[in-house]
Amino acid sequence: MIAARFLPRFRFASLRLRIAALYASLFAGVLALVVSLAGSGLAQFAEASAGRDLAANARVFDEILAARGRQMGDQAAVLARDFGFREAVATADTPTIASALESLESRVRSDTAFVLTLDGEVLAAAGKAPLGDPQALWSRLDAGQLRGIIGSGDTLALAAAAPIEAPDRIGWLVIAQPLDRAELDRLVELAAIPLDARVTEAARLPAWLRAAKPGAVVERESRERFLYHVSDLPVLQEGIAPRLVLRHSLTTSLAAYSALNWLLVGLAAGGIVLVLGLSWRVARSVTTPLQRLDEATRLIGAGRKVTLAIETGDEIGRLAESFNHMVDALDERERQIIHVGLHDELTGLPNRKLFSEQIATILARRRDGEQVMVAYIDLDDFKMVNDTLGHPAGDALLRTVAEHLREDLPDALVARLGGDEFAVLIGGIDEKQSLGSIADDLQRSFARPIAVNGQNAACSASVGIAMAPADGTDAVTLMKNADLALYRAKREGKATYHFFEPGLDESARRRRQLEIELRAAIRDGGFELVFQPLYSVAGRCMTGFEALIRWNHPTRGLIAPAEFIPLAEETGLIVPIGEWVIREACHQASTWPADVSVAVNVSPKQFAASGLSATILQALSTSGLAPERLELEITESIFIADIDATLATLHGLRNLGVRIALDDFGTGYSSLSYLRSFPFDKVKIDRSFVEDLGTSTHGHAMIRAITTLADALGMETLAEGVEDIAQFEVLEREGCRHIQGFLFSKPVPADKVQALLGEGAVQQRRLKIGS
């Protein structure tokens, strides 16, 4: 079944053969239809013609018999009017009558003649007897019928009668001619078509022929096909029903047209052969250019350059011309695609793919004693340029940096890897050449002033460097090690470079492992909260707690927040962690007294993420905590991005009813402007100012300035990191309202908060601090 299904596909795999076969099949079908219709028409015409000829010959036969009867009647009338004959009949002169009858038979070539007297006597020539029963003629003769068929048995004859009058009628003269085979054959010779004629009694005919309508043509088939025509004949004798039956062979008539049919078949076959040849030529004229086009397409698929020759000006020639244009357009498009696929659209520099390929090429050409440098470059604080000056300014900065790198490093391959990351590939470095001087030259490229939109934009970069063959002998390893060195350079500070060290790989492995475990901790609930009390200086009591996260690792034990929080910030995991902290802090605070609040730190990435307000609303609704008991601590870094959007988010949070505190106040560049932009509920003085209280007199002035400014703006102040009574006394004297630090309590687990809030603990704290 499968082979049969696919056989046509292989049999007519050639388009040329399919076209030729299609044309030939269509023409053959049309010719077959024409020949069939013509043959059928010829057959119908032959049959109709034979029927018409048979009917016409039947009429001729009838007319011949009628004419013969009139001729015989005329001859009989001549004799019947002869005086001598009438006298002989009147006197019963038998010899004279017999002689006269013999003479009449001779003249009319008749076999029988006789006289029928009124007495019923029959007078005939010597030795001859009349046909049939002469007495059966009376009724017809008396009725005035003078011609018709008479006879008996198998013998039927055409008879004519004439009255004998002297002067009254004394009898009838009857002359008869037998319609035997010889007579009918003579009649058949007069026919225009081959016939078989016979006259017979109707009773002797087969039933199907007796049922035929007189004058109709009937077809009958036995060994061959015949046409029959039956005619009623006039009778002169009672008791008989003669019929003239004509038979014509239809098979013989149709055979005359078979030669014409074969001629039509021969013409059709010749036409098919001719059309097949013409179809083959037409198909070849169409498929030959298509074959060239097909071959050209395969060659193009193989990567070869192909041009079709334009030989005609018709559609095929225009197709070849269009194909050539298409090939040229594809070549140009391919060059563009290759260029776009291997180059950065913004700067025109090679991209990561081309850079990686070039590393492999240079490494393959590296000779002994030569080194290859791969440097990864990341612009410092590029996001600030985008946020403050806009993305078009950031794009202009990137283009300028790319131009400077190409100008300062003409022998190096400079690439842009994406965002604010660039890469530099330098080959052929002598192993004795100073690598530090090359790195310094690279850094100096970023020291050049850059003007963006008429403003000077400071631009520095962190650089990670890997050297081949010391740090790797393939592109993947070198690029990975350069990235690790860049990560270390960024951690060490801005505007610096760092060469790869083997330990960096292990550090990156640990960092990746820590990220995996951090994700597992988020999934499995591996974090917990501890709470550090917030102390009111004026009220000498605890008014709230700050929620701090802890991670009890199943194998490593307690992991400090300073180790995993930066990683969570980098990977974006700080968002789900921060959401959990808000929910858990609200849940715990809902079990505390109604006048005790909880403070939660919100990271810049979590603040910028969508859904912060929804998270807070859900946490408050689920826990039942009053909004004014929740305090959100944010840092100045949230203002670095879109200030308007930041302020809109802060006002939205304020509308929820929660309190907003500015954390680490005084460590940024624009702290005072932020205080003026948004009415914070509380300002948290950074621990660095508290630490200076014991070593510098300037610390007192800074604390005083901050508290005075906060009081003027209607904001509370809180100093964090208070560890001894001397710091507390200074803060109290300078007007700080709230204190937080180890002086009062270290962070405690959630189940210890109630005990810390107990009356005994409060009294103990009062005694310890004094008044």
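Visitor: What is the strand order in the open sheet of 4 strands?

Guide: The order is 6-9-8-7, and the pairing is antiparallel. From one strand to the next, the twist averages 30°. A word on the source: this is a predicted model, where local features need pLDDT of at least 70, side-chain atom pairs count only at pLDDT 80 or more, and totals for chains, interfaces and linings use all residues. Residues are numbered from 1 along each chain as its sequence is written, and side-chain values use heavy atoms, with hydrogens and water left out.

Visitor: What makes strand 6 and strand 7 edge strands?

Guide: Strand 6 (196-201) and strand 7 (217-221) each have a single partner strand, so one side of each lacks a neighbour in the sheet.

Visitor: How do you know that strand 6 and strand 9 pair?

Guide: Two strands pair if DSSP finds at least two bridges between them. Strand 6 and strand 9 (residues 242-249) share 6 bridges, in the antiparallel sense. Therefore they count as paired. Thr200, for one, has Arg243 in strand 9 as its bridge partner.

Visitor: Why is Leu263 called partly exposed?

Guide: Buried means under 20% relative accessible area, exposed means over 50%, and partly exposed lies in between (1.4 Å probe, protein chains only). Leu263 has 49%, so it is partly exposed. Leu263 sits in helix 8 (residues 250-301).

Visitor: Why is Ala92 called partly exposed?

Guide: Its relative accessibility is 48%, so Ala92 falls in the partly exposed class. Ala92 lies in the loop between helix 3 and helix 4 (94-108). Its phi is near 60°, a positive value in a residue other than glycine.

Visitor: What class does Asp664 fall into?

Guide: Asp664 has a relative accessible area of 25%, so it too is partly exposed. Asp664 belongs to strand 22 (residues 659-665). Phi of Asp664 is also positive, near 55°.

Visitor: Which residues of helix 3 are buried?

Guide: Phe85, Ala88 and Val89 are the buried residues of helix 3 (residues 83-91). They cover an arc of only 95° around the axis, so they lie on the same side of helix 3. On the other side, Phe83, Ala90 and Thr91 are exposed.

Visitor: Where is Pro167 found?

Guide: Pro167 is in the loop between strand 4 (155-165) and strand 5 (169-178). A cis peptide bond joins Ala166 to Pro167, with omega about -15°.

Terms used: Helix = DSSP H or I, 4+ residues; strand = E, 2+ residues; numbered from the N terminus. Axes fitted to C-alpha atoms, helices over the stretch in contact; angles between N-to-C directions. Arc of directions from axis to C-beta.
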